[in-house]
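Hi there,

I'm passing on the structure we talked about, so that you can look through it yourself. My notes on what turned up follow below it.

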Amino acid sequence: MVQPLVLGIETSCDETGIALTRGLDLLTDVTASSMDDHARFGGIVPEVASRAHLESFVPTLDAALERAEVDLADVDAVAVTAGPGLVGSLTVGVSAAKALAVAIDRPLYGVNHVLGHVAVDALVHGPFPQEFLGLVVSGGHSSLLLVRDIATDVTELGQTLDDAAGEAFDKVGRLLGLPYPGGPHVDRLAQTGDPAAIAFPRGLSRGKDLARHPYDFSFSGLKTAVARVVEGYQDAGQEVPAADIAASFSEAVADVLVTKTLTACEAHGVNTVVIGGGFSANSRLRALAAERLGEAGVTVRIPPIRYCTDNGAMIAALGSAVVAAGLPPSTLDITIDSGMP
Ligand code: KG4
Ligand code: ZN
């Protein structure tokens, strides 16, 4: 049986992503990014991102349809990120998706961006096991999910109470004088430093904090600890040992993420973890996850990096899962939910 052709639309932050899937087959995936327009401001500028989506949307859609050699009229369902994300960016995507759904008279599905980061892995590594954990780590989110069915049965075990993992890296990048976004720069620098040089705090990992927040994360205290160390060297007129700081900081973040994920695997009797989101590019997280989860007999699935950063394939994949599960479509009055849980 031919599976429905699903158009996936992602515009929650700075990437305009459009993709087409049939079940677990990815026909095409086209992404336009406005990151270069934001870099000089040292952070994403929401208005700039919204305008860029407006400009990129039609060319990106045209490119996707052309590459997949399909007609818009062949699309069976339209899936779009309804949240979480930037209000203006989401609004562009959801408005465009409504217009397309009306134009071709097909159902519209508003879906959750964070779940998309997990769903996309099935396009690469095949069907999911009956039960698994999803660890979604990016510049905007750090969530640990217990997944029984990506379309219908997901429980959030924990999330960050303050900064996301990538966000903490970007802030530490700024403290160390590295360009924005600092994450990849800090990662590269860390590989030349000593991860045991400085004992940085592991947030929510001990005593009452751990008991109350077994699967939640907190990285803002860690970022403050890094700032204090950097200031200490600067005040003493000494050279800041940036590589050692980057390595010790990376170790602290990866350690907390992997330790809590492993604890959750044991508590729920789960032996597969899917890691998604742009931060999954982090070399220390990858190494530590492979080592410690691997030792415990847990299979770690991480899609290639272009499917970890924001893209349309993740939304088309989730859309395909939602259609396959037979969930009712969204109505045309759906709105965005920038803080969607
Ligand atoms: O998923 P993504 O592309 O966008 C968001 O939805 O946030 O994630 C980008 C985030 C940025 O904070 C970036 O600095 C971080 O992931 N990042 C990294 C690495 N590559 C990207 N952080 C640490 N190490 C990396 N190798
Ligand atoms: Zn994302």
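**What I found**

Let me start with D105: with 7 C-beta neighbours inside 10 Å, this residue counts as exposed (that is, 12 or fewer other C-beta atoms within 10 Å of its own; 20 or more is buried, anything in between is partly exposed, and C-beta atoms are placed from the backbone). D105 sits in the loop between helix 3 and strand 5 (108–112), where helices (H or I, at least four residues) and strands (E, at least two) are DSSP runs numbered from the N terminus. Its phi is near 55°, a positive value in a residue other than glycine. E69 likewise has a positive phi, of about 55°, without being a glycine. E69 belongs to the loop between helix 2 (46–68) and strand 4, and it counts as exposed because it has 9 C-beta neighbours inside 10 Å.

Before you read on, please note that this is a predicted model: local features need pLDDT of at least 70, side-chain atom pairs count only at pLDDT 80 or more, and totals for chains, interfaces and linings use all residues. Residues are numbered from 1 along each chain as its sequence is written, while chains are lettered from A and ligands numbered from 1 in the order in which they are written.

Now to the ligand. Ligand 1 is surrounded by 20 residues, the closest being S138, G139, G166, G183 and G278 (near means a C-beta atom, placed from the backbone, within 6 Å). Helix 6 (165–175) and helix 7 (183–190) each supply at least two residues of this shell, and helix 6 gives the most, with 4 residues.

G139 is in the loop between strand 6 and strand 7 (142–149). It counts as buried because it has 24 C-beta neighbours inside 10 Å. Leaving out residues up to four places away in sequence, G139 touches A164, G166, E167, D170, P181 and G278 (contact means C-beta atoms, placed from the backbone, within 7 Å).

P181, one of those contacts, lies in the loop between helix 6 and helix 7. A cis peptide bond joins Y180 and P181, with omega about -10°. The bond from G83 to P84 is also cis, with omega near -10°, and P84 is in the loop between strand 4 (77–83) and helix 3 (87–104).

V136 is in strand 6 (residues 132–137) and is buried, with 27 other C-beta atoms within 10 Å.

Enjoy exploring!

How values were computed:
Two residues are in contact if their C-beta atoms, placed from the backbone, lie within 7 Å.
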